[in-house]
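Have the coordinates open while you read.

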Amino acid sequence: MPLIPETRLFSVKNKLYKTAGAKLGAGVRICSSVQIRGIGDLTIGENTWVGHNCHIISACKIEIGKNVDIAPNVFFTTGSHHIDLVGDRVAGKGTQEAIKIGDGSWISAGSIILAGTSIGSKSIVAAGAVVKGEFPPNSLIGGVPAKLIKKLT
């Protein structure tokens, strides 16, 4: 939505996203440079911020909780491929798995959230992490590939 100011007119943008089928809670703020693609089911809870230049590509369900902060340049994708060492391409049959981000979490800049990821509430994903898997609430997650660095107390 490049015609709409980056960090203004959130209610107008939300109406457009809702018209396209997104389920957005009250007070959701999505920057204009965010790109949302795919036919999947997108739900974003109330008072969540989606920062500059984020990409959300969904072939199935992406559920982002309430009060989540998503920094700039975060990439979400629900699609991948089976590895095929017999066929003509190693990227075999396409797959899709949901993504879930728990309430109150912080997804730091440049993170990549891959298909099949579930992040518990009040967790932090470190900048630049490549995340796949399930992580409990109150986790500090980081690295490539991402792992549990420590439990937050």
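## Loops, strands and cysteines

With a relative accessibility of 37%, Asn53 counts as partly exposed, a class that runs between buried (under 20% relative accessible area) and exposed (over 50%), using a 1.4 Å probe and protein chains only. Before going on, note that this is a predicted model, where local features need pLDDT of at least 70, side-chain atom pairs count only at pLDDT 80 or more, and totals for chains, interfaces and linings use all residues. Residues are numbered from 1 along each chain as its sequence is written, and side-chain values use heavy atoms, with hydrogens and water left out.

Back to Asn53: its phi is positive, about 60°, although it is not a glycine. Asn47 also has a positive phi of about 60° without being a glycine.

| Residue | Phi | Relative accessibility | Loop between |
|---|---|---|---|
| Asn47 | about 60° | 37% | strand 4 (41-44) and strand 5 (49-50) |
| Asn53 | about 60° | 37% | strand 5 and strand 6 (55-58) |

Pro145 belongs to the loop between strand 19 (139-143) and strand 20.

Seen as an open sheet, 7 strands line up in the order 2-5-8-13-16-19-20 with mixed pairing; two strands pair if DSSP finds at least two bridges between them. At the edges sit strand 2 (29-30) and strand 20 (146-151), each pairing on one side only. Strand 13 (residues 106-107) and strand 16 (residues 124-125) run parallel, joined by 2 bridges, and Trp106 stands opposite Ile124 of strand 16.

Strand 7 (residues 61-64) is worth a look too. In a regular strand, side chains alternate between the two faces of the sheet. Strand 7 pairs with strand 4 in the parallel sense over 4 bridges, with Leu42 opposite Ile62. Strand 7 is also joined to strand 12 (residues 99-101) by 3 bridges, again running parallel, and Glu63 stands opposite Lys100 there.

Cys31 counts as buried at 0% relative accessibility, and Cys60 counts as buried at 17%.

Finally, helix 1 (residues 10-19) holds Val12 and Asn14. Asn14 is buried, at 9% relative accessible area, and a polar atom of the Asn14 side chain lies 2.9 Å from the backbone oxygen of Val28. Val12, by contrast, is partly exposed at 38%. Together with Leu9 and Leu16, Val12 makes a nonpolar surface patch of about 250 Å², where accessible areas come from the Shrake-Rupley method with a 1.4 Å probe, and for residues only the protein chains shown count as cover. Patch members have over 30% relative accessible area and no salt bridge; like charges are joined within 9 Å and nonpolar side chains (Val, Leu, Ile, Met, Phe, Trp, Tyr) within 5 Å. A salt bridge is a side-chain nitrogen of Lys or Arg within 4 Å of a carboxyl oxygen of Asp or Glu.

Key: A polar contact is a pair of N or O atoms within 3.5 Å; within protein, one must be able to donate a hydrogen and the other to accept it, and residues adjacent in sequence count only if both atoms are side-chain atoms.
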